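Subject: Structure handover

Hello,

Here is the structure I promised to pass on. Please open it beside this email.

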Amino acid sequence: MQILAVDVGTTYLKAGRLGLDGQLLRVATRELPLIRDESGRAEHDPEVLRDRFVDAVREVVGEEPAAVRWLVLSAYQLSLLPVDGAGRPLMGLMTLLDTRPQETFPGLLARMDAEAIYRRTGCPPLFQYPLAKLEWLRVRWPELFREARWFLGAKDYLLLWLLGKPCTEPSLATATQMMDVRALRWDPEILGLVGLTEDRLPEVVPPETCLGRLRPEAAAALGLRPEVEVIAGVYDGGAVGIGLGATAPGIGAVNLGTTAMVRLIADYPVLDSPSRMRLQTYYLAGKRWFPGGAINNAGGVLRWLRDVLLGLGYPEQDALAEAGGRPTDLLFLPFLTGERYPGISHLASGVIFGLQAHHGRGHLVRAAMEGAAFALRLILEAMRENGLSPVRLRVGGGGARSALWMRILASILRMPLEVPECPEPALIGSAALARVALGAAPDLSAAVPEAPLRVYEPLADWVPLYERQFERFQALLMDLEAAFRRHRESAQVARG
């Protein structure tokens, strides 16, 4: 009997078939095209998402559909999709990279008690949350807002197609800014800010819940038997954390993908002071929470360099960056899609500072890696100030494949990094959750197969250089805050 795990990221969708012992047997990957334009739009086409989901599942199932007994999903947070009563999308799926809600966010912010909402939800006042996306829809597309029967996320949309009923789970729902992070219930007062009622949101079920069997139509499309049962699962970063073994005491999780996070599992919601609100705390599973922080721009910046500026694949970029041999003197603020870490202005944009004639392509790539690492250090320092001090950090995601990026990150964070030699920690983590739900493992720590660890130590000659560079990074952020605001105001005037 086998488990089928699917992870929906902002850049790639991956499906994996795993044994009941948690071992990964086969993987299929599909790239998800992102629809962008100058307005700040960053959407997935929901039909393309479903087609890629079907393609990846059919490939990974192959000639063994009878072996698959369970299906578990993980997906990215902060997405929003209005659908009608038949589950048909009414627009594109707004991803966490969509910046259009910046247009209406000031009006929402003026009506909300940001500190009180942070204390209730664990979500600081950011335009990336679905609450702000709903406000943008309500103001900009009022007819569509009224027409929508349900407002779903990426994973919720796939679950609706698989099961015929709208449902979600707390690791996604607590990242909407509309759920009480302790009681794990939709907050009617917050919903009222955008004229919403609970019946227009999916039902919230525990991550370990078995949701039922596949609809016959979905099973036929996927090449699976209708007896396959669906388990709710958690969000993609949560699945990565579980797969990395971060359920053990003192082990922090870093996911370095299109976006990035630093988090540490806790037995209760850990919040920052209401005046600063730097931590973002979400529920995970098993009565445990996942406080820490995340940034919008990490591997996505390397993808932008690949597709827009350099035309080089990731291995070629890595080799160019490695050839420089030492830290750059550039500062790359990698905030191409704004930023969701409250210690960085949500109005921030991308900046390359200190560019001179001697700089080449490798300097740009390395500076992008350094910029993402500096942003993650801001989060780690905020965590430590609030009593969240990981003894060890384990890293997953596509960025962990770059030995250079791992050495840079270890030197900037000033602590060793452990990279488990498991190919897909999100799939491993989702399968571990499924194994616990099925009674095949006693807890999440026992459910994750042991894997060899590759350890990256800070480089002694890089650490002092990066200390000075980090100070410059922070100073530049402060110096540019007013400039970011003026730029945003000018852009809004130009668009009318």
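Predicted model: local features only at pLDDT ≥ 70, side-chain atom pairs only at ≥ 80, totals over all residues.

**Helices α12 and α13**

Two packed helices are described by the angle between their axes and the distance between the axes. Take α12 (residues 314-323) and α13 (residues 361-385). Their axes come within 7 Å and cross at roughly 95 degrees. An angle of 65 to 115 degrees counts as roughly perpendicular, and α12 and α13 are therefore roughly perpendicular to each other. On the α12 side, the contact is made by Q317, D318, L320 and A321. On the α13 side, R361, G362, V365, R366 and M369 take part. By class, the contact of α12 with α13 has four nonpolar, two polar and three charged residues.

**Q128, in a loop**

Next, go to the loop between α3 (114-121) and α4 (130-140), where Q128 lies. Is Q128 buried or exposed? Its relative accessible area is 1%. Buried means under 20%, so Q128 is buried. A polar atom of the Q128 side chain lies 2.8 Å from the backbone oxygen of E339. E339 is also on the list of residues in contact with Q128, once neighbours within four places in sequence are left aside.

Strand β17 covers residues 260-263. A260 and V262 point one way from β17. M261 and R263 point the other way. All four residues are buried.

Which strands pair with β17? One is β16 (residues 251-256), joined to β17 by four bridges. The two run antiparallel. A hairpin of three residues links β16 to β17. L256 stands opposite A260 in this pairing. Another partner is β20 (residues 292-295), also joined to β17 by four bridges. β17 and β20 run antiparallel too. Here the bridge partner of M261 is A294 in β20.

**Helix α6**

Last, look at α6 (residues 154-163). Ten of its ten residues are buried, so α6 is largely enclosed by the rest of the structure. Among the buried residues are Y157 and W161. K155 and D156 are buried as well. The list also includes A154, L158, L159, L160, L162 and L163. G164 follows α6, and its phi is positive, near 85 degrees.

Over to you.

Best wishes

Definitions and conventions:
Residues numbered from 1 in each chain as written. Heavy atoms only, no water. Axes fitted to C-alpha atoms, helices over the stretch in contact; angles between N-to-C directions. Parallel < 35°, antiparallel > 145°, perpendicular 65-115°, else oblique. Contact = heavy atoms within 4.5 Å. Nonpolar A, V, L, I, M, F, W, Y, C, P; charged D, E, K, R; others polar. Buried < 20%, exposed > 50% of the residue type's maximum accessible area, 1.4 Å probe, protein only. Polar contact = N/O pair within 3.5 Å; in protein donor to acceptor, adjacent residues only side chain to side chain. Pairing = 2+ DSSP bridges.
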